[in-house]
Amino acid sequence: MVSLAALAFVVLAGLVTCLATGLGALPFFLVDDVSDRWTVALWGLASGIMLSASGFGLVLQGLGHGTPVEVGAGALAGVVLVVVAHRVITDAEVDPREFAEADFRKLVLILGVLTVHSFPEGVAVGVSFANLGLDTAENTLVLLGFSVPVLAVFMTVAISIHNVPEGLAVSIPLKNLGMSKWRMVGAAVFSSIPQPIGAGIAFVFVRWARVFLPYGFGFAAGAMTYLVLTEFIPEARETGRNLENDGVPELALGLLAGALAMVPLLLY
């Protein structure tokens, strides 16, 4: 059984990652432009954390609950989902101005596109909370009365950090269209609404059917790794193309910092 309190806790974690997207619009309250150097570094930081969390956290957790074949099958399923999501997005690109102008039918379409894009990230958060509150769980922290897996904390932080430059990417064209600052924040948050939903669904599934837990950890690891390699890092390279050395030093430092940030997970 899954308690409502535990489910609410996980959805709250997903909501934190969702709200973090809105932070990407906040710099425009202070400045007219945001340095590409900082944007590249943020992409690198999020990528480093997520790659480390996937390899040293999700995969190892999966192997602790199942076989390499089960974890590998889950990882493959995660990659397939991201590939399908990318194709859906490519076939149904959403103009940022539609956030402000959409009627109900268009909002449903926009939300559908956003769902296939950010849902895997929500799933990763939900799966990482699989052992929430279990007395037998190792490597936990006590937060709000719950025994929270350290991996879940890092995964929530990683997705949140990733969402900041993503929110910035949503906000830049909206700013150029003259949208108000607070509506930019709302549009950025709206783009990540599927994450708390995905987190809740994934958490309930892996707690209800724990036999699928190794597949779930593998799924999250596969989806996260593929997203980093095919979307996050290429996005950072694209943003940094006008910087000295194409922004490679900023990206590399971000990746290194992200990887080092995961050291406490390995030592805890």
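Leucine 168 is buried, with a relative accessible area of 7%, where buried means under 20% relative accessible area, exposed over 50%, and partly exposed in between, computed with a 1.4 Å probe and protein chains only. This leucine belongs to helix α6, residues 150–176; helices (DSSP runs of H or I, at least four residues) and strands (E, at least two) are numbered from the N terminus. The C-alpha atom of leucine 168 is separated by 4.1 Å from that of glycine 24, although the two residues are 144 residues apart along the chain. The model is a predicted one, in which local features need pLDDT of at least 70 and side-chain atom pairs count only at pLDDT 80 or more, while totals for chains, interfaces and linings use all residues. Residues are numbered from 1 along each chain as its sequence is written, and side-chain values use heavy atoms, with hydrogens and water left out.

The chain as a whole contains 11 helices and two strands. Along the sequence these elements follow the order α-α-α-α-α-β-β-α-α-α-α-α-α. Of the 268 residues, 47% count as buried. The accessible surface of the chain comes to about 12800 Å², as given by the Shrake-Rupley method with a 1.4 Å probe, in which only the protein chains shown count as cover for residues. Carbon and sulfur atoms hold 68% of that surface. Among the contacts in the chain with a separation of 6 or more, 84% join residues 24 or more positions apart; a contact means heavy atoms within 4.5 Å.

The crossing of α1 and α7 is right-handed; a crossing is right-handed if the near helix is turned clockwise from the far one by less than a right angle, and left-handed if anticlockwise. In this contact Cys18, Leu19, Thr21 and Gly22 of α1 meet Val185, Ala188 and Val189 of α7. By class, the contact has five nonpolar, two polar and no charged residues. In this classification Ala, Val, Leu, Ile, Met, Phe, Trp, Tyr, Cys and Pro count as nonpolar, Asp, Glu, Lys and Arg as charged, and the others, Gly among them, as polar.

Helix α1 also packs against α8 (residues 194–208), at an angle of about 150 degrees and with the axes 7 Å apart. The two helices are therefore roughly antiparallel to each other, since angles over 145 degrees count as roughly antiparallel, under 35 as roughly parallel, 65 to 115 as roughly perpendicular and the rest as oblique. This crossing is right-handed. From α1, the contact is made by Ala6, Leu7, Val10, Val11, Gly14, Leu15, Thr17 and Cys18; from α8, by Gln195, Pro196, Ala199, Gly200, Phe203 and Val204. These residues divide into 10 nonpolar, four polar and no charged.

Beyond α1, proline 27 lies in the loop between α1 and α2. Proline 27 is partly exposed, with a relative accessible area of 26%. Its C-alpha atom is 10.0 Å from that of serine 171, at 144 residues apart in sequence.

Helix α2 (residues 36–65) packs against α9 (residues 213–239) at an angle of about 165 degrees, with the axes 9 Å apart. That makes α2 roughly antiparallel to α9. Their contact comprises 16 nonpolar, eight polar and two charged residues, and the crossing is left-handed. Glutamine 61 is placed in α2 and is partly exposed, at 25% relative accessible area. Residues up to four places away in sequence aside, glutamine 61 touches Asn131, Leu151 and Phe217. The C-alpha atoms of glutamine 61 and leucine 151 are separated by 9.2 Å, and the residues are 90 residues apart along the chain.

Most residues other than glycine have a negative phi. Asparagine 245, in the loop between α9 and α10 (248–261), has a positive phi, near 60 degrees. Aspartate 246, found in the loop between α9 and α10, has a positive phi of about 60 degrees. Asparagine 245 counts as exposed at 52% relative accessibility, whereas aspartate 246, at 39%, counts as partly exposed.

Notes. Axes fitted to C-alpha atoms, helices over the stretch in contact; angles between N-to-C directions.
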